[in-house]
Each structure stands twice: as C-alpha cells, then as structure tokens.
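The points below should be read with the sequence and the coordinates at hand.

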Amino acid sequence: MRKVAIVGAGMTKFVRRALETPIELAYEAAKMALDSCGLTLKDIECVVLGSAVDAFDGVCMKGEYLSGGAGAWGKPFMRHSVGGGTGVFSCIHGWMHVASGMFDLCLVVAEEKMSCCQPHPQGAFLTVYDSILERPLGLNLLWVVAQEMNHYMITNGLKSEDVALVSVKNKRNALDHPAAMLGADITVEDVVNSEIISWPVHRLDISATSDGAAAIVLASERLAERITDKPVWIAGVGYNLDTWYWTSRDLSYPVYVEKAARMAYEMAGIREPQKEIHIVEPYDPFSFKELQNLEALLLADRGKAAQLTADGVTARDGNMPVCPSGGLLGVGNPISAAALMKVCEIFWQLRGEAGKRQVPGNPKVGLAQAWGDMMQTGTVVILKV
Amino acid sequence: MATKRVAIVGVGYYGFRPVSPEVSFREMIYEAATRAYEDAGLEPKDIDGFVTAGEDWNEGHSIVDELAPDQLGAVKRPVFTVNGDAMHAFVSAYMHILTGQMDICLIESRSKASNIKNLHEITMMALDPIYTRPLDTSPYFIAGLEMNRYLYESGVTREQCARVVIKNRRNALLNPYAGHGARLALDDVLNSDVISYPLTSLEISPHSDGCVVMILAEEKKAEVIRKDPIWIRGVGWCTESYSLERRNWSQSVFTQKAAEMAYKMANIRFPRKEVHVAEVNDEFAYKELQHLEALGLCRKGEAGHLIDEGATEISGDLPVNPSGGCLGVGNLLEATGAQKLLEIVLQLRGEAGRRQVKNAEVGLAHNWRGLPTNSGAVVILSNF
C-alpha cells in the first residue's frame, strides 16, 4: 500500500461565536496548515473538506460555499459528512486521494460555524431524527445521549464522580492549548454539582457548541520527506457505521467503534493495541464518551477505563496519555474541526511540537478517533513516526 | 497514476418518474440495491465499503449519512457519505479500491424530489448569505444570465438550444426508465414561459424520483464476477469559483479541467473520435451545448452546428444523451450523475434496447452539480 504522511497542520481558535465568516474560518486554517510546511495552493493538487451539518452554518450545500476558502478553486474538490465522525474521516478521505496514487499533495480542511444557527445551535439537532417516528417528540441531542451515558454507567457500575474525572483532566489539559475555549481548573465536585442537563449529564460533563476550523496537508511518500524532516505517517485507517435504528441498539457499547478500530489496527499491523498505541485522542464530547471509546478502541478492558483514569494512567504523564490536547471538553466542539483537531494533536505530539501539552517519552504511535451520526459511526486514524 | 484496473460489475436502479408515492426512500434504495446485487451476483457481505451521495436539505434530514446503511445491507460496515454528486461518491469508491485496502465497493444515490415542497427556497439557501441571498429571487436567474452570456460569446442560437430539448425528450420516449419523454416542436419550446430570459420553462429539466446503486470491483475480482465488466478508464472532477461575482459566465471551466484530467488518465487525445457515446449534463438545454464545448467534443461555438446537423442524435456520429438526459429522464438531484453513469454502462453492455448506440466501446459520463454550483465530474468507461 502506498504510504501517506501528514506534513503540516493548522487550526483556528475555537470560540463560541466567531466574527469570521465560515469561508474565512476555512481559509485561516488552510493557510496555517500550508504555512506550517512551506507550501502554497499552487502545490496542492486536490482538496477534501469535512463539515458535519449544513444547518449550523446556515448554508445548503455548504461544501460548495466553503470550497474557495478551503483552497479548492480550480481543483478536484469533494466534501463529505459522517456527522461527528467527520473530522477524523477527513484525514481518511484525504488519505484515499493520495494512497490511490492519483495525487501527491492533498489539503484537508474541516470547518464548522455553529453559532450561525439561531437561537442556539442545539436547534439544528432537532432535524437529525426520524421525521415521522421521532421528530414530533422534539428530541434533544443531550437527552438522547444521556440515555447512552446512563446505559454505559449502569452497565459498568459507575458513579457520576468516576466519569467526572475525564472533564477535570481534559479541561485542565486544555489550559495549555492556545486555541482552547473551555480550559479550566475544576474539581470532581464542580462537575457533579453543576446543573443537570438531562440525567445523568451534568453541564460540566459536556463540551460546548463552537466555531472553528482545522486543516492538514497530506503528502505521498515520494514528497513527504522533501517537505518535512518529520513526516507523520498514516499507518491505519478505519470506519464503520451501525444501523440507523438507534432505539434497537445496545447503547452501552459502541461496537461500530471497535470494528473501525480493528479495521485500522489490521492495516497498521497492530496486534496488541494496549502495548503499541502510545497516545490516544478519542472523541470526548461528553465525559463518559472518552471512557466508552477507550474500551471500544480496545485500549482499555471493558468497564475498566474509569479506573485507568482514576489511577492517572491517562494523564499526560501517565502510561497512556488520553486527550493531551484537552479534547472537546477542553478545547471546544466545532464538530468536524474538533475531530480534525485531534488528528492535529497527534501530529504535533509525535513531532515533539506540542509545547506545554507535550507528553514525555517520545511517543511514536498515536490514535485519533471520532464518533458521529446517530451514535452510529466510528472513524479511526493511526499515526506513526 | 493508477496502475490497477477497476470495473463496474453491477448496476441497479429504481425509477425514474416525477412522483413515487408507492415507495419511501428506503424502499426505493432497497430495490435498487437488490437489483444491483442480483446484477453482480454478489451479496452485501461481499462488499468491502459503501459510499453514498446526498445533501441534507434535499433529504429534509440533517446528517443524511445516518440513513445510509440499512437499505444497502451495510449495517456495521464501512460507510460514508459524500455531500456531492453521485460521481463524487463513485470516484471516492474508485480511489479507495486503488489504495488496495478494499476490492469491491458499492455506491448509492437517490432523489425524492417529489417530497420537497420548497426546492427553490432550498436552492436559494445554497447562495452566499451575505452577497447573493438578499437578492431574494428565483435561483434560475443564474442560469438565465449564464445562458445569455454563453449565447452571446459562442454564437449558439436559442433555436439550437431548443433543439436539444426536442432531441432529448424524444430520446426519452425510447427509454423505458425515462420519466419525461415527449414529442415537442421548436415553437413549443421557444414559446414556453420565459423563466429568466432567454431560458424558457421547457428548457429546464423537470425533476424525477429514483435511486441508482452501482458496484465497483478491482480487476481480478471483476473478471470473476462477470464476463463484461465495464472498465473505468479515466476520471476527473473539479470545482471552480463558487462566487457568482468571480466566475466565468460563459464557459464551463470545471468541465474543461475535469475532462482534461479524465482524458489524460484514459490516454485519449482526440475525444471527438475516441468517445463513442456521451451522457452530458443538460439540466438546462443550453448546458448540453456549453458542456460539449468544454468537454472538447467540439470546438467553441460549434456545439450549435452539431445539433443542427444531427450529429448528436442516437444515429449520429457522436450520440449525446441517448437516455434522454436530464431533460428526458428528469433531474435526479445528487443522483443525476449516477444516471449518466448508468446509461453509459447499459450502452457499453449493449443493453440499451431501442436507444442502443451501435458499436459503442468508449463512453463518457459528465455531470454538473446544478445551481448554484460550479462543480462536476467526468468519467470515461470502456467495455474493453
């Protein structure tokens, strides 16, 4: 299989309400990614855009609208969406372009401007449900995911305090992230005393809607080492989508994340993930998701991720740092950009460029994962130096 | 460039009619998929990956990817959705097979345009919210302005555009899957309501509902699956300026670039001679002519002569839109490109019945994403 590397990355600040237009956000991230590796649009042969939901930016076919800002003028360009899984999938869609042998240099951009959606971006989530069976109930995303959180906690015998440790860790990690919106020094008590949004979800168990963009540059093997001293190779990719009928699924365990991970591990030749993956950026829009995803990624034994967190294994200086960036809980959640931010984080960490967030020990292999659609899809990328 | 050969080994479809009250979108997809599996002699478990094409607002559902897997037999499998034309899904599946991680992929796209109560408003919502949407007028103004400029620069006449409508809707009468076959006279078209001068209502493709599913396979598996795989010889896709203010108003530049990319891959130097049949976007009648020029299938300003001479009739030396095109089959929203691919596959297999182009060995499918975009793709297929 042809080798593909990430050679550059950039992201905007994640903010509650950006003054920039969606096109400008995409442009800023794309420009930063190109500048980071000394390339210009002239060098780029194709562009891939990931953006989760048109209703946020308020533009139908928003891929077309964003195309110019993403650098796509006059180039082969495509946009995809797998809901929340989009940001990590962007890396995979870009990988396809280069690993196919058709292109040597691909720019991948992820953008989301959620604040356009008035009166609150949550409103856009009303339209992700079945129009006949579910929408009349006025379902709220928080209420639905709360059910998943409940399943997970009951199945694994967890208390709110056990899960809250993730929010504490990630928000503290985010204090060291220059683009973070939600960095904070909080305690477990802060989390469990925060307002209940929908049992058992407390306000501090969730990330916030945000605006932002991120971008990476992918290069073929033949060019990667000419562009940078430290290309970060895409060793494995995987993605998997479960049935739409979420009301019939076991919500306690995301089997589709496990399948996506296995697909990536197989491609990467990884047999013992817990030994071979050094750092992880699993999707953490809710505190419990980090734990649940770690288990589905086979990086923690079933039901044991909370204990790993309590033991400090997943801290930046632990044996397996998880969300050293601060994750969605700490950096923010402009859906597709948030997940691509995780890919950027692994990229920077493996190159030793993560500044104050740098995990010690020269990590060589990292994994980024996202989750999306109706609690339905897992997207996984494994990176190696 | 790609070294591995990939072929289309199965096609299935449902449609294409102006309304489809007898099926939900799920049932439509399920039938198209069932037919594609049957056509290929495969089952869902044989497919390595699935790619669908759809847009949220055309489906009335945010994150249409959610709805993708069940009808295809793709639950707990690799699936993703391209928010673009079916041809974008097609080239994505093609690229994924070229990587070597997958050998057999399925693509799906559909239209339930009949479900959409306010398609004009939805298209308006695709316009730039700051610069263009406040004009608050029908999106057809873009087509009208472009047609006007195209006619002015190319010398193509309104009558020649009207002849495209006559040709395509008459071809559609020969096509059992086309929803808008009709015998029209020149005056019918020229005298129909002016929607945005000089574009008249009969020059605008009506919509149809329907679904297309296709299965692609890498070379070795393709040759096992069927005796007549249809080979992908070249692909190209491109997006030009989204901004109305910055775009070229008479030429389809993205088509030129996508075609160059595809011809180069296919090693085609003289398209007019080497392409035997073409399905080219004709969502607005003038577009067929504009796209023929951009595809290099004739010189600039010559497309009008082609239609006058009958060169693009089924019996002509460059049959264009033997299926009836968008005008005759119907505008299928994101599935439009899939219909064009479908027709080329049928033509190259010799399964096109009364509209069969004789001795067709190399076919070209082209699509434009429709208003207000400046995006599209070209795929070149052959049966050898």
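1. A pocket, as the word is used here, is an open set of points on a 1 Å grid with protein on both sides within 12 Å along at least five of seven lines. The second largest pocket of this structure has a volume of about 640 Å³. The model is a predicted one.

2. Which residues lie nearest the centre of the second largest pocket? They are A:Gln122, A:Leu141, A:Leu142, A:Ser207 and A:Asn333, out of a lining of 35 residues. By class, that lining comprises 22 nonpolar, eight polar and five charged residues.

3. Two elements of chain A, α5 (141–155) and β10 (365–372), each contribute at least two residues to the lining of the second largest pocket. The largest share, three residues, is that of α5(A).

4. The largest pocket has a volume of about 740 Å³. Its lining consists of 28 residues, and those closest to the centre are drawn from chain A, with A:Ser131 and A:Arg135, and from chain B, with B:Glu59, B:Gly60 and B:His61. The lining divides into nine nonpolar, 10 polar and nine charged residues.

5. Within chain B, at least two lining residues of the largest pocket come from each of α1 (25–40), α2 (56–59), β4 (104–112) and α4 (119–124). The element with the largest share is α2(B), which supplies four residues.

6. In chain A, 58 residues are in contact with 61 residues of chain B. Together the two chains bury about 4900 Å², of which 60% is on carbon and sulfur atoms. A:Glu64, A:Trp73 and A:Met102 account for 14% of the area that chain A buries against chain B, more than any other three residues.

7. A:Cys344 counts as buried because its relative accessibility is 0%.

8. B:Cys238 is buried, with a relative accessible area of 1%.

Conventions:
Residues are numbered from 1 along each chain as its sequence is written. Chains are lettered from A and ligands numbered from 1 in the order in which they are written. This is a predicted model: local features need pLDDT of at least 70, side-chain atom pairs count only at pLDDT 80 or more; totals for chains, interfaces and linings use all residues. Side-chain values use heavy atoms; hydrogens and water are left out. Buried means under 20% relative accessible area, exposed over 50%, partly exposed in between (1.4 Å probe, protein chains only). On a 1 Å grid over the protein atoms alone, a cavity is a set of points where a 1.4 Å probe fits but cannot get out, and a pocket is an open set with protein on both sides within 12 Å along at least five of seven lines; lining residues have an atom within 4 Å of a point. Grid points are joined across faces, edges and corners, and a volume is the space filled by probe spheres set on the points. Ala, Val, Leu, Ile, Met, Phe, Trp, Tyr, Cys and Pro count as nonpolar, Asp, Glu, Lys and Arg as charged, and the others, Gly among them, as polar. Contact means heavy atoms within 4.5 Å. Buried area is the accessible area (1.4 Å probe) that two parts lose on being put together, summed over both.
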